[in-house]
Amino acid sequence: MSPDLALVRALLELRGFPTSSVQPLEGGAWSTAFAFDSGQDALILRLGGSTEDYEADAFIARLRPDGVPIPDVLAHGTIDSGPLTGTTYAISTRVPGTALERVSRSQWSVLVPQLADVLESLRRRPAPAGHRVQDWRDHLLQVGSYPWQQGWREHAMPAAIHLFDHGLDRLHETCPATVPVSLVHADWINRNVHVENGRITGIFDWGCYRFGDHLYDLAWLEFWAPWHRNLDLPLLVRELESRWHAVGIAPLADPDRRRACLLHIGLDHIVYNILHGTTQALLGTMERLARYL
């Protein structure tokens, strides 16, 4: 969906926002984005994304872990009249910068201490009282049967099914019975983290968040590392380990915790790529997953 600027301006005017500065932006996989200014604040309008994702963004913005730069969500919902009736939308503060995965190796080295601080802040953030939290082991072992994954086997080539089933068997063998549970972002690339002038300026798109093993976010960066060789993962691990040592924990001492996260990421993305017909990405994911079996 790519509505023209006249429709976007009309939508914003109806909600009391100025419209003279509206400009299209590079959107995400599921939404179209527009930048505009409210007078004092730089804002962004997203159209057509998942209602659940926008609700997740708003929830995490309210939760606001210490030291984690999360854009405020000013409004979100579904348009109920006019040409865009039925379209979902969200209006949030706009953060400057470039995507984390696009920084140079020298820029990455500057960012690593702050990134470690952010990951540690998420590790220290438990679910709020009354928030329903699925058992982490159950969540991992249900991969391939989440509601959005229905029917994937009917579209899969035999090699992908064989690898998936082998990987799921390994996940059952290695998945720990229990782990400390805290806030997990679970989608650290795909333009979901912005940086500028040596600082992380915003972390958004919390649609994949979970309360689970904090190692999942580190495993995410490890799994996709071959696609982003500018990101020095061992440097980040050393930075995190220095923080863990200071508080008396050693999460990487149990290799099954890390491996379970890596296996789940690979299995989840085999299904994702099959359902979306992204064959090259599927083959790359399969090759990467095979390294952890």
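I began with the crossing of H8 and H9, and found it left-handed. (Left-handed means that the near helix is turned anticlockwise from the far one by less than a right angle; clockwise makes it right-handed.) The model is predicted: local features need pLDDT of at least 70 and side-chain atom pairs count only at pLDDT 80 or more, while totals for chains, interfaces and linings use all residues. Residues are numbered from 1 along each chain as its sequence is written, and side-chain values use heavy atoms, with hydrogens and water left out.

**H8 and H9**

I looked up the geometry next. H8 packs on helix H9 (residues 279-290) at an angle of about 160°, and the axes are 9 Å apart. Axes here are lines fitted to C-alpha atoms, for helices over the stretch in contact, and angles run from 0 to 180 degrees between N-to-C directions. The two helices are therefore roughly antiparallel. (Under 35 degrees counts as roughly parallel, over 145 as roughly antiparallel, 65 to 115 as roughly perpendicular, the rest as oblique.) Helices (H or I, at least four residues) and strands (E, at least two) are DSSP runs, numbered from the N terminus.

Which residues make the contact? From H8 I listed Leu-263, Gly-266, Leu-267, His-269, Ile-270, Asn-273 and Ile-274. From H9 I listed Ala-281, Leu-282, Thr-285, Met-286 and Leu-289. Contact means heavy atoms within 4.5 Å. (Ala, Val, Leu, Ile, Met, Phe, Trp, Tyr, Cys and Pro count as nonpolar, Asp, Glu, Lys and Arg as charged, the others, Gly among them, as polar.)

**H3 and H7**

I then checked helix H3 (residues 105-123) against helix H7 (residues 233-247). Their packing angle is about 45°, with axes 9 Å apart. H3 and H7 are therefore oblique to each other. The crossing of H3 over H7 is right-handed. On the H3 side I noted residues including Trp-108, Val-112, Leu-115 and Arg-123. On the H7 side they include Leu-236, Glu-239, Arg-243 and Trp-244. I read this contact as 11 nonpolar, one polar and five charged residues.

**Cores**

How many residues does the largest nonpolar core have? I got 70. Leu-171, Trp-188, Trp-206, Tyr-216 and Leu-236 have the most contacts inside it. Helix H8 (residues 255-276) gives the largest share of this core, nine residues. A second, separate core has 14 residues, among them Val-8, Ile-79, Tyr-89 and Ile-91. (A nonpolar core is a set of buried Ala, Val, Leu, Ile, Met, Phe, Trp, Tyr and Cys residues joined through side-chain atoms within 4.5 Å.)

I followed up Trp-206. Not counting residues up to four places away in sequence, Trp-206 touches Ala-56, Asp-57, Ile-60, Val-68, Ile-70, Leu-122, Leu-183 and His-185.

Is Val-195 buried or exposed? Val-195 is buried, with a relative accessible area of 6%. (Buried is under 20%, exposed over 50%, partly exposed in between, with a 1.4 Å probe and protein chains only.) Val-195 sits in strand S8 (residues 193-196). Its contacts beyond four places in sequence are Gly-97, Thr-98, Leu-100, Val-103, Leu-111, Ile-200 and Thr-201.

I also checked the loop between strand S7 (182-184) and S8, where I found Asn-190. Asn-190 has a positive phi of about 65° although it is not a glycine. Asn-190 is partly exposed at 48%. Arg-191 is in the loop between S7 and S8 too. Arg-191 also has a positive phi of about 65° without being a glycine. Its relative accessible area of 25% makes Arg-191 partly exposed.
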